[in-house]
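Please look through the sequence and the structure before reading on.

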Amino acid sequence: EGLVGALALRADSVVGIDVSTVIAASARARRGVSAVAGDVRRLPFRSGSIDVVVSNSTLDHFADHAKIAAALRELERVLADD
């Protein structure tokens, strides 16, 4: 079930993201779960449109520092300034 239930208690909305379209579709099939397919290095969200990022298993999938840095820059881009 993951973190969705716990996060939903604290947020107006929760959106999951996975690089796999199959995993994202599986998550959407569950009641109340919003999910999109996408790469953390090129997130499908507007700049400043996300209040909080919870990433429990993302950066550990990258083998080099350049890919990790690209992902962190993209996470920073989508985070709201508030």
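**Charge, fold and surface**

The protein carries 10 positive and 11 negative side chains, and the centres of these two sets lie 6 Å apart. The model shown here is a predicted one, and the points that follow describe this model by topic.

**Fold**
- The protein is built from three helices and two strands, and from the N terminus on these elements follow the order α-β-α-β-α.
- Among contacts between residues at least 6 apart in sequence, 51% join residues that are at least 24 apart.

**Dimensions**
- The radius of gyration of the protein is 13 Å, which agrees with the value near 12 Å that a compact globule of 82 residues would have.
- Along its principal axes, the C-alpha trace of the protein spans about 35 × 30 × 20 Å.

**Surface and burial**
- The accessible surface of the protein comes to about 6,200 Å², and 53% of this surface belongs to carbon and sulfur atoms.
- Of the 82 residues in the protein, 16% are buried, where buried means under 20% relative accessible area.

- N56 sits in the loop that runs between β2 (34-37) and α3 (65-78).
- N56 counts as exposed because its relative accessibility is 66%, and the cut-off for exposed is over 50%.
- Although N56 and L3 are 53 residues apart along the chain, their C-alpha atoms are separated by 9.3 Å.

Methods: Residues are numbered from 1 along each chain as its sequence is written. This is a predicted model: local features need pLDDT of at least 70, side-chain atom pairs count only at pLDDT 80 or more; totals for chains, interfaces and linings use all residues. Side-chain values use heavy atoms; hydrogens and water are left out. Helices (H or I, at least four residues) and strands (E, at least two) are DSSP runs, numbered from the N terminus. The radius of gyration is taken over C-alpha atoms; the globule rule is 2.2 Å times the number of residues to the power 0.38. Buried means under 20% relative accessible area, exposed over 50%, partly exposed in between (1.4 Å probe, protein chains only). Contact means heavy atoms within 4.5 Å. Accessible areas come from the Shrake-Rupley method with a 1.4 Å probe; for residues, only the protein chains shown count as cover. Lys and Arg count as positive and Asp and Glu as negative; His and the chain ends are not counted. The place of a charge is taken as NZ of Lys, CZ of Arg, CG of Asp or CD of Glu.
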